[in-house]
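Visitor: Please show me the model, and then let us go through one part of it by question and answer.

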Amino acid sequence: ALQALQEQRAVAARLDAAEHENTAKVLQEQFEAQRRAIEIESLRRENAMKDAQIRKRRVWQLIASTGAAVALLLCGFVWVLYRRSVRTSRRLRELNEELAFHSTHDALTGLLNRRSFRDAMAARTPGASRCFILLDIDHFKAINDRLGHTAGDEVLVEVARRLRACVGMGGLALRWGGEEFLVHVDGGDAAGRAALV
């Protein structure tokens with residue numbers, strides 16, 4: 001009986017030890033499961049934070065890309081405006097030069113006009129040996145009446161061309177009005193002026 005009691009106690013002790021071991025294993029497994037759950041939750045939160053950071057970074061990249069695209073568009077627009085301004089300025093300068101030319105030159109012959117005569121004289125050096133020659137085309141009305149105004153204009157252009165060639169760089173030829181022309185030459189002697197006339 002004593003031996004049976006001891007065996008029973010030994011079996012009960014083994015059972016208690018096995019139950020204790022099983023309880024420890026169950027508790028250990030529960031602890032490990034909770035630790036894994038906590039780690040998984042921590043990783044999930046970390047992933048959620050990283051996803052939020054990635055989304056925020058993408059938003060900033062989108063904003064930066066959009067800003068860069070807008071800046072490039074604005075630069076292109078400014079460049080187009082600048083080129084248009086340069087072309088407009090160039091065209092305006094050409095028109096001003098053309099306007100200045102037409103205000104001082106006869107439109108048909110290209111000679112200086114009567115209005116520019118005073119400015120041309122003011123620019124010349126005053127001297128005693130100035131020569132002014134006023135001339136007109138004889139019977140010019142008959143040319144216009146017989147051959148037409150286009151032929152008369154061609155005669156005026158040809159006379160202006162010949163006057164410019166005759167006077168050269170030392171003189172000044174002007175269309176005084178209608179078929180009248182004025183030639184001004186500085187310097188030279190009386191014989192040279194007579195030969196010019």
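Visitor: In which helix does asparagine 144 lie?
Guide: This is a predicted model, where local features need pLDDT of at least 70, side-chain atom pairs count only at pLDDT 80 or more, and totals for chains, interfaces and linings use all residues. Residues are numbered from 1 along each chain as its sequence is written, and side-chain values use heavy atoms, leaving out hydrogens and water. Helices are DSSP runs (H or I, at least four residues), numbered from the N terminus. Asparagine 144 lies in helix α3.

Visitor: Does asparagine 144 count as buried or exposed?
Guide: Buried means under 20% relative accessible area and exposed over 50%, with partly exposed in between (1.4 Å probe, protein chains only). Because its relative accessibility is 14%, asparagine 144 counts as buried.

Visitor: Which residues of α3 are buried, and where do they sit around the axis?
Guide: In α3 (residues 140–147) the buried ones are Phe140, Ile143 and Asn144. The arc they cover, taken from the directions from the helix axis to the C-beta atoms, is only 95 degrees, so they are on the same side of α3.

Visitor: How are α3 and α4 oriented to each other?
Guide: Axes are lines fitted to C-alpha atoms, for helices over the stretch in contact (heavy atoms within 4.5 Å), and angles run from 0 to 180 degrees between N-to-C directions. α3 and α4 pack at about 140 degrees, with axes 6 Å apart. Angles under 35 degrees count as roughly parallel, over 145 as roughly antiparallel, 65 to 115 as roughly perpendicular and the rest as oblique. α3 and α4 are therefore oblique.

Key: Helices (H or I, at least four residues) and strands (E, at least two) are DSSP runs, numbered from the N terminus.
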